Amino acid sequence: MRTLFLCLATICLLASCTEKDMYLFSYFKGNGEDGLHFAYSEDGYHWKDLSEHSFLKPELSDKLMRDPCIILGGDGRYHMVWTVSWAEKGIGYASSEDLLNWSEQKYIPVMAHEDGVRNCWAPEITFDSSSGEYMIYWSSTVTGRFSDRSQESENGYNHRIYYITTKDFRTFSQTQMLYDHGFNVIDASIVPENGRYVMFLKDETLVPPQKNIRVAYAEHLSGPYSEPSAPITGNYWAEGPTALRMGKYWIVYFDKYRDGKFGAVRSADLQSWEDISDQISMPNGIRHGSILKVPEHVVRNMMNPEHSSGERLVP
């Protein structure tokens, strides 16, 4: 019996050691009315929908769930933030152990202290393992704060990137400016890389039109971040960057929102970029989200929610 037990334990150990990683892309469709969607990939280039149904319905504010960003936290839980409205002073937050069963949705009033705030768009989270803190950051326009009309985009928006920090998603630091280099900026996405932090961002300048993805760097998560690089996405009107490190390459996916499809660029050194848009395939209707590497069993469990230990919230 003892020998049988040891053999079974060895088999289980070998199975866990050989389990491969897969990739999940959290995203929204349309205006975000039906909530959270996922695509999956084994190779980071070709993506398929996990389900035609959403995995979580929005409940906050205008009942939208746009720009969902999910990370695996230091506590072993998945943490998600999203845009709840086109014109709110806060963002949405929820957490999960398995990406199927989610906590109560929470509204975080990140810009409630400011007069003249028009929006809080595309929030993201980055975890700082050295401090155990999460930094949540987003773009907002504060009416009258930046008076140079040449910086404005459509409808008079003039964004900068702001942030807060938290260790428990119950108490939060005061809101501070994260990125202001004298131009209209949205859609920041930050990843750690060899002891520094890399920020992918959208230059939202309308006159003359930029509307492209650039890169900035910092030694600390909260900055200060450098001047932006030259555009890495060519002449596309691009937004919503999300980065995936795979082997020696960084792959940055982005939304070609005028063309109604996704593009991607690839680099081995974060300096020279190759357009690989013709090498990727994405589900129809996919919009701005984030990429997460997970063990294979997580994806398999999401394909078969009846095998989950909990009850799926959305059929």
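Okay, quick one on pairing before anything else: two strands pair if DSSP finds at least two bridges between them. Strands themselves are DSSP runs of E, at least two residues, and helices are runs of H or I, at least four residues, all numbered from the N terminus. With that in hand, β1 and β2 are joined by five bridges and run antiparallel. Within that pair, F25 sits opposite A39 of β2.

Some housekeeping. This is a predicted model, so local features need pLDDT of at least 70 and side-chain atom pairs count only at pLDDT 80 or more, while totals for chains, interfaces and linings use all residues. Residues are numbered from 1 along each chain as its sequence is written, and side-chain values use heavy atoms, with hydrogens and water left out.

So how confident is the predictor? pLDDT is its confidence in each residue, from 0 to 100. The chain average is 90, and 90% of the residues score at least 70. Now the ends. Residues 1-16 stay under 50, and the model gives them zero contacts beyond four places in sequence; a contact here is heavy atoms within 4.5 Å. Residues 307-315 are also below 50, but that stretch has 24 contacts beyond near neighbours in sequence. Where pLDDT is low, the predicted coordinates should not be read in detail.

Overall, we have two helices and 19 strands. Of the 315 residues, 54% are buried, where buried is under 20% relative accessible area, exposed is over 50%, and partly exposed is in between, using a 1.4 Å probe and protein chains only. Among contacts with a separation of 6 or more, 50% come from residues 24 or more positions apart.

Back to our strand pair. β1 and β2 belong to an open sheet of four strands, ordered β3-β2-β1-β19, with antiparallel pairing. The edges are β3 (48-49) and β19, each pairing on one side only.

And what lies across β1, β2 and β19? That's α2, running at about 105° to β19; the axes are lines fitted to C-alpha atoms, for helices over the stretch in contact, and angles go from 0 to 180 degrees between N-to-C directions. Helix α2 covers residues 296-303, and its buried residues are E296, V298, V299, N301 and M302. They pack against β1 (21-27), β2 (37-41), β5 (78-83) and β19 (290-295).

Next, S95, in strand β6 (residues 91-96). At a relative accessible area of 7%, S95 is buried. Which side chain does S95 meet in a polar contact? R77, at 3.0 Å. By polar contact I mean a pair of N or O atoms within 3.5 Å; within protein, one must be able to donate a hydrogen and the other to accept it, and residues adjacent in sequence count only if both atoms are side-chain atoms. Setting aside residues up to four places away in sequence, S95 touches R77, Y78, H79, N101, W102 and S103.

Then L270, in the loop between β17 (261-267) and β18 (274-275). Beyond four places in sequence, its contacts are E193, R196, V198, F200, Y217 and W250. Take V198: 72 residues from L270 in sequence, yet the C-alpha atoms are 9.1 Å apart.

Last, cysteines. C69 is buried at 3% relative accessibility, and C120 is buried at 1%.

Note on methods
pLDDT = per-residue confidence, 0-100.
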